[in-house]
Amino acid sequence: MKQNKATALAHPNIAFIKYWGDKDPDLRIPVNGSISVNLDSLYSRTSVEFDPALVGDQLTIGGRVPDDLAVQRVNQFLDHVRQLAGFSTFARVTSENNFPTGSGIASSASGFAALSLAASAAAGLELDQRALSRLARRGSGSACRSVPGGFVEWKAGKDDATSYAISIAADDHWELHDCIAVVSKEHKETGSVAGHSLAGSSLLQGARVADTERRLELCRDAIINRDFQSFAEIVELDSNLMHAVMMTSQPQLYYWQPATLAVMQSVIEWRKGGMPACFTIDAGPNVHVITTGDNLSTLTAYLDQIPGVIEVLVSRPGKEARLIDI
Ligand code: DP6
């Protein structure tokens, strides 16, 4: 072990074309590719120290020991890093998020992207961005998309070697903003791990997956050409398709609340009125509303007025996961 301690920072991401369902749940090989953007103003900062004096891995998130399931997920992940590095030393892991837990922003993507970089550097592994993205994917699927910078595509692949994410445009390529309308801060009942395993029970999942290449191409082209109208259409369609699968799974998964729908309908009206805005929703009730730089203040003011919107978090595109000095 050349080095034994490192700290990394990574941003969460919001998917425009969603990951929902696995071909291989253990390796997190998805049934379809996805596209996302990193969120600059939000981050996880994670330090890892391999210490021969430890008799087990130690983990704190925001100064607290998380629940057993989260601890087990990190242990398993560190076992894989130890296997790659060829040693058995346990680690002390401390992680902080600058966004409130329970704000409905998944911290698993930024958390596992930062953990992958910090743990591999602390273990003396020199991984390139592709290898790092593959490693992060094992911790949380969407974490592989928080490794490269800016606008990112996760190539579904067919196995561990071929399933990883790459940047398709830099963070400054298009000045989009994600305005997250928070309508609930309650912990979701069914997390994405369980959700992915239910996807195949919906009659609609086959149709959603079969059409993915077309949606990926439309979304990729809309980003490259900065074509907001085409972007808005494909992003909303993709989110609706995923939620249709969720609602028709067995058992059914409903993530929306009345305020979720109120925001969605308002966004559609505003766009009809000429404002570049579109919505996308993950496995929770909060709505990500995407707009362009010059419409940001009008949009956030509109969102603030909708009954049921508790707060609006704003972010522009963010950079790749990186090592930092502390
Ligand atoms: C709805 O990456 O959170 O946000 O691999 O179980 O951690 P795990 O799942 P996760 O799933 C993300 C699901 C989603 C859509 C997306 O981000 O693409």
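**Helix packing and salt bridges**

Visitor: Is the crossing of α7 and α8 left-handed or right-handed?

Guide: The model discussed here is a predicted one. In it, helix α7 covers residues 228–247 and helix α8 covers residues 258–272, and their axes come within 13 Å. The crossing of α7 and α8 is left-handed.

Visitor: Are α7 and α8 roughly parallel or roughly antiparallel to each other?

Guide: The axes of the two helices cross at roughly 160°. Angles over 145 degrees count as roughly antiparallel. Therefore α7 and α8 are roughly antiparallel.

Visitor: How many residues of the contact of α7 with α8 are nonpolar?

Guide: From α7, the residues Gln229, Ala232, Glu236 and Asn240 take part, and they meet Met264, Val267, Ile268 and Arg271 of α8. Two of the residues in this contact are polar and two are charged. The number that are nonpolar is four.

Visitor: Which residue forms a salt bridge with Arg220?

Guide: Side chains of opposite charge can pair when their charged atoms come close. Arg220 lies in helix α6 (residues 212–224), and its partner, 67 residues apart from it, lies in strand β9 (residues 151–155). The closest N and O atoms of the pair are 2.6 Å apart, and the partner is Glu153.

Visitor: How many residues apart are Glu175 and Arg316?

Guide: Glu175 and Arg316 form a salt bridge, with their closest N and O atoms 3.7 Å apart. Glu175 is partly exposed at 41% relative accessibility, and Arg316 is partly exposed with a relative accessible area of 41%. Glu175 sits in the loop between β10 and β11, while Arg316 sits in the loop between β14 and β15; the pair links distant parts of the chain, 141 residues apart.

Visitor: What separates Lys272 and Glu269 along helix α8?

Guide: These residues form a salt bridge whose closest N and O atoms are 3.4 Å apart. Lys272 is exposed, with a relative accessible area of 64%, whereas Glu269 is partly exposed at 48%. Because Lys272 and Glu269 are three residues apart in helix α8, their separation is about one helical turn.

Visitor: How many salt bridges does a search of the whole structure find?

Guide: Some salt bridges are linked in a network, which joins Arg134, Arg137, Arg138 and Asp160. The search of the whole structure gives a total of 18.

How values were computed. Residues numbered from 1 in each chain as written. Predicted model: local features only at pLDDT ≥ 70, side-chain atom pairs only at ≥ 80, totals over all residues. Heavy atoms only, no water. Axes fitted to C-alpha atoms, helices over the stretch in contact; angles between N-to-C directions. Helix = DSSP H or I, 4+ residues; strand = E, 2+ residues; numbered from the N terminus. Parallel < 35°, antiparallel > 145°, perpendicular 65-115°, else oblique. Left-handed = near helix turned anticlockwise from the far one by under 90°. Contact = heavy atoms within 4.5 Å. Nonpolar A, V, L, I, M, F, W, Y, C, P; charged D, E, K, R; others polar. Salt bridge = Lys/Arg side-chain N within 4 Å of Asp/Glu carboxyl O. Buried < 20%, exposed > 50% of the residue type's maximum accessible area, 1.4 Å probe, protein only.
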